[in-house]
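Dear colleague,

I am handing over the structure shown below.

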Amino acid sequence: DIVKAKYIIVWGANPAWCSMHSVKFLYEAKKRGAKLVVVDPIFTQTAAKADVHWQVKTGTDGALALGMCRHLLDIGRVDRDFVDNHSHGFEEFADYLRKNVSVDWAARTSGIPAEEIRGVTEEFSSVSPATVWIGYGMQRHTNGGAAVRSIDAFVAMTGNVGVEGGGARY
């Protein structure tokens, strides 16, 4: 159902090479007006087709995702109904973000400019459905599992879980 998404982030995946049978759905979503952002330290064939390519520093995906989560808190774009009714430990996570994470820290760590982090976060959280395609690449690094959980948290905070065309895909 990815063709129904209005905003797609392909994070740590290169479906143009590794999921050729699925990439046609990305292109169909783009034809329907979806924005495509690719987060990958390598300029891949998928990145070449994206509207935005973030060439993140290797192994810093979790920091980038946490910065995006923090920005959602800062601008009041957390889907409270979703996190209150379908998550556990959100308030503790939000406290952690407020005490330990900033968009500027995420920018310095990941190499992605702070204004771009804010912009994509605001775009992603302003449309529905929106989805993130999580690839295998980032989990090959220290804290890879935590990076995936941070991306999952970002998607959940926007309320795009359980929404046709939305979600975190792995």
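To begin with two aromatic residues, Tyr7 and Phe124 are both buried, where buried means under 20% relative accessible area, exposed over 50% and partly exposed in between, with a 1.4 Å probe and protein chains only. The model is a predicted one, in which local features need pLDDT of at least 70 and side-chain atom pairs count only at pLDDT 80 or more, while totals for chains, interfaces and linings use all residues. Residues are numbered from 1 along each chain as its sequence is written, and side-chain values use heavy atoms, with hydrogens and water left out.

Aromatic residues

Three aromatic pairs were found in a search of the whole structure. Rings of Phe, Tyr and Trp (its six-membered ring) pair if their centres lie within 6.5 Å; planes under 30 degrees apart count as stacked, over 60 as edge-to-face and the rest as tilted. One of the pairs is edge-to-face and consists of Tyr7 and Phe124, at 5.7 Å centre to centre with 85° between the planes. Tyr7 belongs to strand E1 and Phe124 to helix H8 (residues 114-126), so that this pair links distant parts of the chain, 117 residues apart. Helices (H or I, at least four residues) and strands (E, at least two) are DSSP runs, numbered from the N terminus.

Phe124 also pairs with Phe154, in a tilted arrangement with 4.9 Å centre to centre and 35° between the planes. Because Phe124 lies in helix H8 and Phe154 in helix H9 (residues 144-157), this pair ties together parts that are 30 residues apart in sequence. Phe154 counts as buried, at 0% relative accessibility, and the relative accessible area of Phe124 is 0%.

Five strands form an open sheet with parallel pairing, in the order E3-E2-E1-E4-E5; two strands pair if DSSP finds at least two bridges between them. Strand E3 (52-54) and strand E5 (167-169) stand at the edges with a single partner strand each, so one side of each has no neighbour in the sheet. Strand E4 (residues 130-134) is joined to E5 by three bridges, and the two run parallel. Across this pairing, Thr131 stands opposite Gly167 in E5.

Helix H2 (residues 20-31) packs on the sheet and touches strand E1 (7-11), strand E2 (35-39) and E4, contact meaning heavy atoms within 4.5 Å. The direction of H2 makes about 145° with that of E1; axes are lines fitted to C-alpha atoms, for helices over the stretch in contact, and angles run from 0 to 180 degrees between N-to-C directions. Helix H4 (residues 61-75) also packs on the sheet, touching E1, E2 and E3, and its direction makes about 155° with that of E1.

With kind regards
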